[in-house]
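Let's take a walk through this one together.

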Amino acid sequence: MQISREWATPLTIGSFILMGCTGILMFFHADTGLNKEVHEWLGWAMVAGVATHVTANFAAFKRYLSKPAALAIIGVFVVILAASFFIKEEDEGGGHPARRASQAVLHAPLTSIAPLAHQTPEALLAALQKAGFKAQSTNQTLDSITGPEEHDQFKALAVIFQ
């Protein structure tokens, strides 16, 4: 079966545009709507696009693999990928201070967060409930109210620190 460049290349280009834009939005925490879901699910389109593009251009691809500079660049990315499976982010004392601060707030009960927000715990509970969160008690931690999704966590933090 012959794979046509006429659709393999546009599939690769289109999926790259989508993945690049949504990835940059997620990096800067500016993603909205379904950006994250589109990035995750349509990433498969990019995998398909690249696979078909490589297949359609296999002779040129083989030439790249014979060049030391190309192999070095590809090798760097393979090493980074491999390392990403084994190098863990430090949980205690490491990482960006803003991330550590937000994690501390997320793991704290509303009773501890309220003084930081210059509100009562009851006011925070009511505001979170009004925003659609299933908050039941002022003794709940913020992450137990929001769940693991960063989008929900940022939304709750925005409600509390408006």
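Which helix is threonine 146 found in? The answer is H8, which covers residues 142–146. Keep in mind as you look that this is a predicted model.

Now, is threonine 146 buried or exposed? Its relative accessible area is 9%, and buried means under 20%, so threonine 146 counts as buried. Set aside the neighbours within four places in sequence, and threonine 146 is in contact with Phe133, Asp152, Gln153 and Ala156.

From there, turn to the largest nonpolar core, a set of 18 residues. Leu110, Ile113, Leu124, Leu128, Leu142, Ile145 and Ile160 are the ones that touch the most other members. Which elements give two or more residues to this core? They are helix H5 (97–106), helix H6 (110–117), helix H7 (121–130), H8 and helix H9 (150–160).

For another threonine, jump back to helix H1, residues 5–27, where threonine 22 lies. Threonine 22 has a relative accessibility of 6%, and with the buried cut-off at under 20%, it therefore counts as buried too. What does its side chain reach? The side chain of threonine 22 gets to the backbone oxygen of methionine 19, at 3.4 Å. Beyond its neighbours within four places in sequence, threonine 22 is in contact with Asn35 and His39.

Definitions and conventions:
Residues are numbered from 1 along each chain as its sequence is written. This is a predicted model: local features need pLDDT of at least 70, side-chain atom pairs count only at pLDDT 80 or more; totals for chains, interfaces and linings use all residues. Side-chain values use heavy atoms; hydrogens and water are left out. Helices (H or I, at least four residues) and strands (E, at least two) are DSSP runs, numbered from the N terminus. Buried means under 20% relative accessible area, exposed over 50%, partly exposed in between (1.4 Å probe, protein chains only). Contact means heavy atoms within 4.5 Å. A nonpolar core is a set of buried Ala, Val, Leu, Ile, Met, Phe, Trp, Tyr and Cys residues joined through side-chain atoms within 4.5 Å. A polar contact is a pair of N or O atoms within 3.5 Å; within protein, one must be able to donate a hydrogen and the other to accept it, and residues adjacent in sequence count only if both atoms are side-chain atoms.
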